[in-house]
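Thanks, everyone. I'll keep this short: strands, then a helix, then the core and the rings. Please look at the screen.

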Amino acid sequence: MTRYYEDLTVGETYETGGYTVSKEEIVDFAEQFDPQPFHVDEEAAEESMFGELVASGLHTLCLSVRLFVTDFVQGEEGVANMGGLGMDDLRWHEPVRPGDTLRVRAEVLEKTPSVSRSDRGYVDFHRTVHVDGTEVMSITSHNIVRRADAEK
């Protein structure tokens, strides 16, 4: 059963399953998109403020989007997501290390029906990423969600 704009309630929280990040994945992503020494070189990482290899924050963001989409938007109940308008307030609270398992919690912050388009509403989600109960990243996403009575 797909959840439409009307089915989402402010304050409601959803949680995803987990995704475990490997050392190889951290290095591969960083070599391509964020080649700083503490993301790609274990010896250099030991001398960094982290003391060990850590994932790029951009990698953490991308993995959080993947979990949000695959487990929540396209999950068993799903959300009639039509796209996004952007993200705000991105914060990295703690580094992500090889072997960490990420989980995303999404809370419906605000809902606003579209004034100009009757087929949609706008839903803001506060999304937090956790590793063993510790918040490692947070962001607010602004999504467009189809209304239940919209023509398809």
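Start with E4 and E5: they run antiparallel, joined by 12 bridges. Two strands pair if DSSP finds at least two bridges between them. Helices (H or I, at least four residues) and strands (E, at least two) are DSSP runs, numbered from the N terminus.

Some housekeeping. This is a predicted model: local features need pLDDT of at least 70, side-chain atom pairs count only at pLDDT 80 or more, and totals for chains, interfaces and linings use all residues. Residues are numbered from 1 along each chain as its sequence is written, and side-chain values use heavy atoms, with hydrogens and water left out.

Back to E5. Arg 120 has Arg 146 in E5 as its bridge partner. The E4 and E5 hairpin has two residues between the strands, and Asp 132 there takes a positive phi near 50 degrees. E5 also pairs with E2, antiparallel, over eight bridges. Is E5 enclosed or open? Largely enclosed by the rest of the structure, because 10 of its 13 residues are buried. Buried means under 20% relative accessible area, exposed over 50%, partly exposed in between (1.4 Å probe, protein chains only).

Next, helix H4, residues 57–73. At 1.5 Å a residue, its 17 residues should span 24 Å; the end C-alpha atoms are 22 Å apart, which agrees. The expected span is 1.5 Å times one less than the number of residues. Ser 56 caps the N-terminal end, with a side-chain oxygen 3.1 Å from the backbone nitrogen of Leu 58. The buried residues of H4 include Leu 61, Leu 67 and Phe 72.

Now the core. The largest nonpolar core has 17 residues, and Val 21, Val 96 and Met 137 are among those with the most contacts inside it. Such a core is a set of buried Ala, Val, Leu, Ile, Met, Phe, Trp, Tyr and Cys residues joined through side-chain atoms within 4.5 Å. A second, separate core of 12 residues includes Tyr 5 and Phe 125.

Last, the rings. Rings of Phe, Tyr and Trp (its six-membered ring) pair if their centres lie within 6.5 Å; planes under 30 degrees apart count as stacked, over 60 as edge-to-face and the rest as tilted. That rule gives six aromatic pairs. Phe 29 and Phe 33 have centres 5.0 Å apart and planes at 45 degrees, so the pair is tilted. Both lie in helix H1, four residues apart. Finally, Tyr 14, Phe 68, Phe 72 and Phe 125 form one aromatic cluster.

Definitions and conventions:
Polar contact = N/O pair within 3.5 Å; in protein donor to acceptor, adjacent residues only side chain to side chain.
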